[in-house]
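Please look over the sequence and the fold below before reading on. The paragraphs after them go through selected features.

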Amino acid sequence: MRRLFENYPAAERAYFEKTKIFPIMHLVVIRRDIYEKHPWVVQSLYKAFILAQREVYEDLRETAALKVMLPWLMWHTEETEKVMGRDFWPYGLDGNLHTLSTFLRYSYEQGLSKRQLTPKELFAPESLESFKI
């Protein structure tokens, strides 16, 4: 197995600059029986992920002592933020609306889904409430 594009960072950056889409890397799914029994788990899990993400963002911007051994970490972080903004891995519906809308349209157009879904349909109602620190 090998990469499709040799210089994949340049290809991914060009695609993002053209479309404003950077493919979502992961999804969190809660089994329906757990959700129906304990609907509070949605907000608790979302809050935990947001707090963890904010810690990582702070670590990436810490210049006194780097948290990871990447020689040009600050340059990479600054360059990523220049292209994608400070929240380059947005969580929730609002930050992913464009990407999810496009994905769902492709899914429908290619016959993978029987009807055109909306991004909001992918989220438990409890996860739509904004969590701010």
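The model is predicted: local features need pLDDT of at least 70, side-chain atom pairs count only at pLDDT 80 or more, and totals for chains, interfaces and linings use all residues. Residues are numbered from 1 along each chain as its sequence is written, and side-chain values use heavy atoms, with hydrogens and water left out.

Start with the loop between α1 (8-19) and α2 (32-37), which holds Phe 22. Helices here are DSSP runs (H or I, at least four residues), numbered from the N terminus. Lys 20 lies in the loop between α1 and α2 as well. Its phi is near 65 degrees, a positive value in a residue other than glycine. Most residues other than glycine have a negative phi. Lys 20 is partly exposed, with a relative accessible area of 48%; buried means under 20%, exposed over 50% and partly exposed in between (1.4 Å probe, protein chains only).

The structure holds two aromatic pairs. In one of them, the rings of Phe 22 and Trp 89 have centres 5.4 Å apart and planes at 70 degrees, so the pair is edge-to-face. Rings of Phe, Tyr and Trp (its six-membered ring) pair if their centres lie within 6.5 Å; planes under 30 degrees apart count as stacked, over 60 as edge-to-face and the rest as tilted. Because Trp 89 sits in the loop between α4 and α5, the pair ties together parts that are 67 residues apart in sequence. Phe 22 is partly exposed at 23% relative accessibility, and Trp 89 is also partly exposed, at 36%.

Trp 89 also belongs to a nonpolar surface patch with Met 25, Val 28, Leu 45, Phe 49 and Tyr 91, with about 540 Å² of accessible area together. The areas come from the Shrake-Rupley method with a 1.4 Å probe, and only the protein chains shown count as cover.

In α5, Thr 99, Leu 100, Thr 102, Leu 104 and Ser 107 are buried. Just after α5, Gly 111 takes a positive phi of about 80 degrees. Glu 129 is found in the segment after α5 and is exposed, with a relative accessible area of 51%. Glu 129 and Gly 92 are 37 residues apart in sequence, and their C-alpha atoms are 9.2 Å apart in space.

Notes
Patch = residues over 30% accessible without salt bridge, like charges linked within 9 Å, V, L, I, M, F, W, Y side chains within 5 Å. Salt bridge = Lys/Arg side-chain N within 4 Å of Asp/Glu carboxyl O. Helix = DSSP H or I, 4+ residues; strand = E, 2+ residues; numbered from the N terminus.
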